[in-house]
Amino acid sequence: VYTSFNASSEAKTPSQLLQNAESGRSYQLTGKVVPGSINRDGDVTTFEVRDRAGTAKVPVKYEGAVPDPFRDGREVIVTVRRTGVQYVGERDSLITKCPSKFTDESAKS
């Protein structure tokens, strides 16, 4: 599987998209999956993504392959286009970020 990332496309947080996303333009959205927001209907998955350290969130409608580690609270990156108040994910663009092996607990040791 080959994944290409556009070097000129900086990942945006939900709060950044809410402030200035243009309809029809493509963005890489990054943030955490809001717990309890995942709904699956066949090949279509809807969920919300929130800022890592905040409460701003955007709804995402995604069609395509969903990575095995995708779940509530997981950090994700997905290419989206704004359509009205919803963001539609580009097919097969959803990836999950690995949780850091360095946590507050490991910093205390």
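A salt bridge is taken here as a side-chain nitrogen of Lys or Arg within 4 Å of a carboxyl oxygen of Asp or Glu. The model is a predicted one, in which local features need pLDDT of at least 70 and side-chain atom pairs count only at pLDDT 80 or more, while totals for chains, interfaces and linings use all residues. Residues are numbered from 1 along each chain as its sequence is written, and side-chain values use heavy atoms, with hydrogens and water left out.

By this rule, five salt bridges are counted. Strands (E, at least two residues) and helices (H or I, at least four) are DSSP runs, numbered from the N terminus. Arg52 has a relative accessible area of 42% and is partly exposed, whereas Glu75, at 18%, is buried. These classes are set with a 1.4 Å probe on protein chains only: buried means under 20% relative accessible area, exposed over 50%, and partly exposed in between.

Glu75 also meets the side chain of Lys97 in a salt bridge (3.3 Å, N to O). Here again distant parts of the chain are linked, as Lys97 belongs to the loop between E8 and helix H2 (104-108), 22 residues from Glu75 in strand E6. Lys97 is partly exposed, with a relative accessible area of 30%.

Another salt bridge joins the side chains of Asp43 and Arg91 (3.4 Å, N to O). Asp43 lies in the loop between strand E3 (39-41) and strand E4 (44-50), and Arg91 in the loop between strand E7 (86-89) and strand E8 (95-96), so the pair ties together parts that are 48 residues apart in sequence. Asp43 is partly exposed at 39% relative accessibility, and Arg91 is partly exposed as well, with a relative accessible area of 45%. Together with Glu63, Asp43 and Arg91 are linked in a network of salt bridges.

Attention can now turn to Pro59, a residue of strand E5. Pro59 counts as partly exposed, at 28% relative accessibility. From C-alpha to C-alpha, Pro59 and Val49 are 6.6 Å apart in space, although 10 residues separate them in sequence. With neighbours within four places in sequence left aside, Pro59 is in contact with Phe47, Glu48, Val85, Gln86 and Tyr87, contact meaning heavy atoms within 4.5 Å.
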